[in-house]
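Please keep the sequence and the model in view while reading.

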Amino acid sequence: MIRNRTILSEQQKGEGLTTGFDYLRLGLSVAVLVWHSILLTAGPAAYSGLWSSPFRFIPAAILPMFFALSGFLVTGSLMRTTIPQFLTLRAIRLVPALAVEVTLSALILGVAFTTLPLREYFTSPEFFRYLGNILGLVHFTLPGVFAENLVPRVVNSQLWTIPFELECYAVIVFVSLALGWGRRQLFVTLLVVFSVAVSVGALFSHSVSPPGPPQGRVLVLAFLAGVGVHLYRGKIPYTHALGAAAMLMSFIFLEIPDGQYLAAFPIAYQTVWLGLLRPPRIPFGDWSYGVYLFHFPIEQTIAHLFPGLGHWWAMALAASLPTAACAGLSWTLIELPILRRKARILSAADRACVVVRDWGRAGRHRRPYPATGAARTAPHRG
C-alpha cells in the first residue's frame, strides 16, 4: 500500500480537502510580509545584502512556492472547465480584491499622505497610471506619497508579480490548446529541456540569479512545474522522504549561482507535499490574498508615521493586526460573496460566449453587398 501511495491517491484520501494548501498560502503570505518588513526598516542596501547571504534560499523559495502551488491547483480547474470558464474564474478570484486595494490606496492613503495639493494629485498622470494596476499594468508610485520613506515613493511593491501571474494563465491556456492534456510527456520534456538550456546558457553569458528576488521567468517556470506535477500526479510517489529530499534540493539550487530555474521542480514537489498534509480547517477563511495585497502599503504607512522603527520584527508586529483586519474584511466583504456567486457568474459567461459565437457565425454567413452606389442597401424583392 505504501509503495503505491501517489499524489493522486493522497488527494483522493483527503476527499477534496485543501487545508494544507490553505495553511501554505497563508504562511507564504505572512512570510512575504515579514520579508518586506526587513526591506522597509533596514533599507535597500542591507536588504540586497541578505540576498547574497548563506540563507538566501529562505526568501528565494517563497514566491516560487506560491507559483508552484497555483500551477498545481489551477491545472485541475482548467481540466474541469472550458477556457472561458477558467479565465472567468481567475478574473473573479483576483481582480475584485485587487481593484479595491488599488482604489483605496489611491483615494485614501494617497490623499492622506501626498505632499502635493489635491488638485495636482488627482490630475497627475502618475495617479492614473497607478490605477492601471487593476488591469495588471503595474505602477508602484503615487504622486507625492512616501517620498521621505527609507524605501521612497513605493506604495505596492508586491504587485510586481501580477504580470507574471497573468503570463502563467496565458501559457497554460496555450498549452491546453496546442498540446492538449494527453501530450503531457511532451510538455514536461520541453519544460526540462528549457530549464537546463537556460541554466547552462547562463553559465556562459550572464547570471539568472543575481542578488535580489527570483526573476519573473523563474516564477513562471515554477508555475509550469506545478502543472507538470498535477499532470503526473497519478504516477509521482507521495512520501515524506521525497518531500524532505525535494526541500534539500531546492535549497541547494537556490544557493548555487544560476540554479534558480532548476529549483522549480523540487520546489513544485515540496509545495505539493506540504499542501497535501491535512491540518484542521482554518476557521476564518482564506485571508492569504488579502494579506498579500494589503501588507505593503500598511507597512509603508507605519514606516512613514514612525520613521524611527528600526527593527524588522517591530515592523512585522505593528503591521500584522491592521493587515489581518484588511485581509479579513477583503475576504468577508469582497472575495467570499463573489465566490458564492460563482455558478451564476459562470452561467452568464457561458451565455455571453454563446452570443458571441452565434454573432460570429451570422457574420460569416451574411451576404455581402457592393461597397458603392445604391446597392449598399438590400436589393428590392417586390
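Is Gln270 buried or exposed? Gln270 is buried, with a relative accessible area of 2%; buried means under 20% relative accessible area, exposed means over 50%, and partly exposed lies in between, as found with a 1.4 Å probe on protein chains only. This residue lies in helix H13, which spans residues 260–275. Helices here are DSSP runs of H or I with at least four residues, strands are runs of E with at least two, and both are numbered from the N terminus. Leaving aside residues up to four places away in sequence, Gln270 touches Met65, Gly243, Ala246, Met247 and Ser250, where contact means heavy atoms within 4.5 Å.

Some remarks on the origin of the model are needed at this point. The model is predicted, so that local features need pLDDT of at least 70 and side-chain atom pairs count only at pLDDT 80 or more, while totals for chains, interfaces and linings use all residues. Residues are numbered from 1 along each chain as its sequence is written, and side-chain values use heavy atoms, with hydrogens and water left out. The mean pLDDT of the protein chain is 89, and 91% of its residues reach 70 or more; pLDDT is the predictor's confidence in each residue, from 0 to 100. Over residues 371–382, pLDDT stays under 50, and the model has seven contacts beyond four places in sequence for this stretch.

The chain as a whole can now be described. Its secondary structure comes to 16 helices and zero strands. Taken along the principal axes, the C-alpha atoms fill a box of roughly 90 × 70 × 50 Å. Of the 382 residues, 46% count as buried. Among contacts between residues at least 6 apart in sequence, 79% join residues at least 24 apart.

H2 and helix H14 (residues 288–305) pack at an angle of about 15°, with their axes 9 Å apart. The axes are lines fitted to C-alpha atoms, for helices over the stretch in contact, and the angles run from 0 to 180 degrees between N-to-C directions. The angle makes H2 roughly parallel to H14, given that angles under 35 degrees count as roughly parallel, over 145 as roughly antiparallel, 65 to 115 as roughly perpendicular and the rest as oblique. H2 passes H14 in a right-handed crossing; a crossing is right-handed if the near helix is turned clockwise from the far one by less than a right angle, and left-handed if anticlockwise.

The contact between these two helices involves, among others, Leu26, Val30, Leu33 and His36 of H2, which lie on the side that meets H14 residues including Val291, Tyr292, His295 and Phe296.

Val30 is partly exposed, with a relative accessible area of 39%. The C-alpha atoms of Val30 and Val291 are separated by 7.0 Å, although the two residues are 261 residues apart along the chain. Leu24, also in helix H2, is buried, with a relative accessible area of 13%. Not counting residues up to four places away in sequence, Leu24 touches Met65, Leu69, Thr271, Leu274 and Gly275. From Leu24 to Tyr130 the distance is 30 Å, C-alpha to C-alpha, and the two are 106 residues apart in sequence.

Among the residues that make the contact are Phe164, Tyr169 and Ile172 of H9, together with Val220, Phe223 and Leu224 of H11. The contact residues divide into nine nonpolar, one polar and two charged.

The loop between helix H8 (125–131) and H9 holds Phe146, which has a positive phi of about 60° although it is not a glycine. Phe146 is buried, with a relative accessible area of 1%. Arg153 is found in the loop between H8 and H9 as well, and its phi is near 75°, a positive value in a residue other than glycine. Arg153 is partly exposed, with a relative accessible area of 32%.

Notes. Nonpolar A, V, L, I, M, F, W, Y, C, P; charged D, E, K, R; others polar.
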